Every structure is written in C-alpha cells, then in structure tokens.
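Student: I would like a close look at a single part of this model. Please keep it brisk and tie the details together.

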Amino acid sequence: MIVRQAISIDNSARNAEEAIHAAGQALYQSGACSLEYVQAMVASYREFGPYFVIAPGLAMPHARPEQGAIKAQLSLVRLRESVVFGHAENDPVQVLLGLSATSSDQHIQLIQHIVTLLAGEKNLHTLMNSRDPEQLYQLITRAT
C-alpha cells in the first residue's frame, strides 16, 4: 500500500504543479510508476483542474494506469507551506496522497483504503498534522 521511502515530510513545493510532481516523484522513486506517469499526473491537473482535491487540505493526484503505473501504491507528501490548487471549497492543500494503480480494480481498492483511513477523525487529524514519517507510515499501513 505504501513504503516508507514514499513518504516526504516538509516538502517545499511552491505551487500545485510542484506539489503534484513531488507526490509523483515519491511514487517513481519507490518503483510504483514511470517518469511518464509523473508527467501525466501534472498534465491531468493542467487539463482537468483540481478534481482530486478530495477534502479540506487534502489532494489525491493520480494518472491513468496505462500512463505508466507499475504497481498499486500510495505516496504521502506533506507540504511545508499549504498551496492553492484552485478548488473552491478545499484549498489550500497541505497533504497529498499520490496514487498509482495498474487497473481500475486496484484504483478502487486504494480509494477504499483511503476512505477507511479518513473515516476516523483521529486518523484525519494525524494525517493532516503529523510531522513524523514513521507515525504516518504506521497510520496508513494499519488502516487496511
């Protein structure tokens, strides 16, 4: 679901595209996707806007499986400073959960995992406020 090296805390992205790129790079560096997938994540934002900003302060950027997904995995990027994505209700964004899935079924499974994770108010608070990569890793892995 997530590996420790796919968690980045205190990221210095200055805008939405840099933040999305950071979430994609975390996926790429852990072997979950190709560089083309990272580029497709940014291109999706440019084309469709901030549809993946799913809750106040929280975005879930991704691309289509055929655009370079290698395995199902999440990345977590916590920004040093929140950035505006252009979402009327949920800006600014502080946390990004990057998503890589090789099929629609895997995509749905990852989203269900995130929904389960976010259902707990304490979990959401930890996700949005923790600066401890190990705590965030444990939170995401035990929500299965």
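Which residue stands opposite Val95 in S5?

Tutor: Leu58 stands opposite Val95. Bear in mind that the model is predicted. Leu58 belongs to strand S3, residues 58–59. S3 and S5 run in the parallel sense and pair over 2 bridges. S5 itself spans residues 93–100. The strand is mostly covered, with 8 of its 8 residues buried.

S5 also pairs with strand S4, residues 73–83. Here the sense is antiparallel, and the pairing covers 7 bridges.

Next, the loop between S4 and S5. Phe85 lies in that loop. The structure holds 5 aromatic pairs. In one of them, the ring centres of Phe52 and Phe85 are 6.1 Å apart and the planes stand at 85°, so the pair is edge-to-face. Phe52 sits in the loop between helix H2 (35–48) and strand S2 (53–55), so its pairing with Phe85 ties together parts that are 33 residues apart in sequence. Both Phe52 and Phe85 are buried. Ring pairs also bring in Tyr45, Phe48 and Tyr51, which form a cluster with Phe52 and Phe85.

Last, a residue in helix H3, residues 104–119: His113. His113 has 5% relative accessibility, so it counts as buried, the cut-off being under 20%.

Methods. Residues numbered from 1 in each chain as written. Predicted model: local features only at pLDDT ≥ 70, side-chain atom pairs only at ≥ 80, totals over all residues. Heavy atoms only, no water. Buried < 20%, exposed > 50% of the residue type's maximum accessible area, 1.4 Å probe, protein only. Helix = DSSP H or I, 4+ residues; strand = E, 2+ residues; numbered from the N terminus. Pairing = 2+ DSSP bridges. Phe/Tyr/Trp six-rings, centres within 6.5 Å; stacked < 30°, edge-to-face > 60°.
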